[in-house]
Amino acid sequence: MNDMYLVEKRHSTRDFKHYPLTDEDKRYLDGLWESPPDLIKTSGVEFKFIEDGFNLAPKLEGLAGYFGIMIHAPHYYAVYADAHDLSYKLAGYIGEWFILKAIKRDIGFCWIEVKEPESVKVNLGHHSPKEIVALIAIGYPKREFKQSTIYASSRPGNLSTLTELGYPNIDLQADPGPARAHKSIMEMTHFESFDDVPSLNKIEQYGLNRPIFYMRYAPSYKNLQPWHFLIRSGNIYMIMHQPDFVPESIKCLDAGIGMLYFEVGLNSSGFSGHWQFDNLSLPEALPPNYKIVGKYHY
Ligand SMILES: Cc1cc2nc3c(=O)[nH]c(=O)nc-3n(C[C@H](O)[C@H](O)[C@H](O)COP(=O)(O)O)c2cc1C
């Protein structure tokens, strides 16, 4: 099973079966941490497994989840990072690396916003000097949506639908699950200037249609899909829309998640390279609330 297939499978699970993971699946998840991305060594990031999620969840009502509505799951990871942007970004990158590996086992996941970090730590009984930046809910999904969901959620007039790009393996007979809006790949891509809105043909000529297409599956806070790609002089810059209402650490988590997805897409399209996560700048000013968050060297 290649990584792109896993990306197509991915969606957030909010409704979990009321029993824990099997010991075999827990061992499988533990085993993934034996060969994490090299970046983990310098990231300052820690993932702490929480065994008894159903007991914990009621205590976190009002403290975690959109509008303080906690997602109840049999287990969680508490995601800790050092209190700076690079560590937050790497928490997103490594957390999503883990989730993409883990969905091979049909285990469901959902990132959860932590609204009151100190109170959440107290309830967890953790005394870490690090900052808790998110929770990740873990368990078996109650309902599994088939890939026709992706059709249901394509916006009318969106040129980058699956049919146009010819992606196979779609079961059109399946019941559609909950719709989620996707940005088109042209909305996310710019050549030379951030104002540019390219044709699909141009994106294809550069071989970037596949990696950018798969960005549509990446999870993001409130499904904002804040990522943009500026292709210029042999580099790809990731620029993000960062509205003021999004907390600072979450902006960086979304950045790291997007960087992991794009890298998986690039690798599967034959590009190899690496991300530069910090010390970034562009000669020109970007519109308000847009920020450069990464540069891909290939
Ligand atoms: C950093 C982050 C925080 C999130 N927090 C929550 C949350 O608190 N509650 C929730 O229901 N979903 C949360 N999500 C899930 C997103 O809403 C979801 O990824 C997005 O709507 C896209 O749907 P999908 O993951 O099924 O593709 C979060 C996602 C991210 C990346």
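The legends below describe close-up views of one predicted model. Local features are given where pLDDT is at least 70 and side-chain atom pairs where it is 80 or more, whereas totals for chains, interfaces and linings use all residues. Residues are numbered from 1 along each chain as its sequence is written, and side-chain values use heavy atoms, with hydrogens and water left out.

**View 1. The protein chain as a whole.** The chain has 12 helices and 9 strands, these being DSSP runs numbered from the N terminus (helices, H or I, at least four residues; strands, E, at least two). Of its 298 residues, 55% are buried (buried means under 20% relative accessible area, exposed over 50%, and partly exposed in between, with a 1.4 Å probe and protein chains only). Where contacts link residues at least 6 apart in sequence, 76% of them join residues at least 24 apart (contact means heavy atoms within 4.5 Å).

**View 2. Helix H5, residues 85–102.** Helix H5 is largely enclosed by the rest of the structure, because 15 of its 18 residues are buried. Its end C-alpha atoms lie 26 Å apart, which agrees with the 26 Å that 18 residues should span at 1.5 Å a residue (the expected span is 1.5 Å times one less than the number of residues).

**View 3. The crossing of H5 with helix H12, residues 248–268.** The two axes come within 7 Å and cross at roughly 45° (axes are lines fitted to C-alpha atoms, for helices over the stretch in contact, with angles from 0 to 180 degrees between N-to-C directions). H5 and H12 are therefore oblique to each other (under 35 degrees counts as roughly parallel, over 145 as roughly antiparallel, 65 to 115 as roughly perpendicular, and the rest as oblique). Among the residues that meet are Tyr 88, Tyr 93 and Trp 97 in H5 and Leu 253, Met 259 and Leu 260 in H12.

**View 4. Tyr 19 and its contacts.** Tyr 19 is found in the loop between helix H1 (3–9) and helix H2 (23–32), and is partly exposed, with a relative accessible area of 43%. Leaving aside residues up to four places away in sequence, Tyr 19 touches Phe 54, Pro 74 and Tyr 140; the C-alpha atoms of Tyr 19 and Phe 54, which are 35 residues apart along the chain, are separated by 9.2 Å.

**View 5. Asn 223 and Gln 225 in one loop.** Asn 223 lies between helix H11 (209–215) and strand E6 (227–232), and Gln 225 is found in the loop between H11 and E6. Most residues other than glycine have a negative phi. Phi is positive, however, in Asn 223, near 55°, and in Gln 225, near 45°. Asn 223 is partly exposed at 32% relative accessible area, whereas Gln 225, at 4%, counts as buried.
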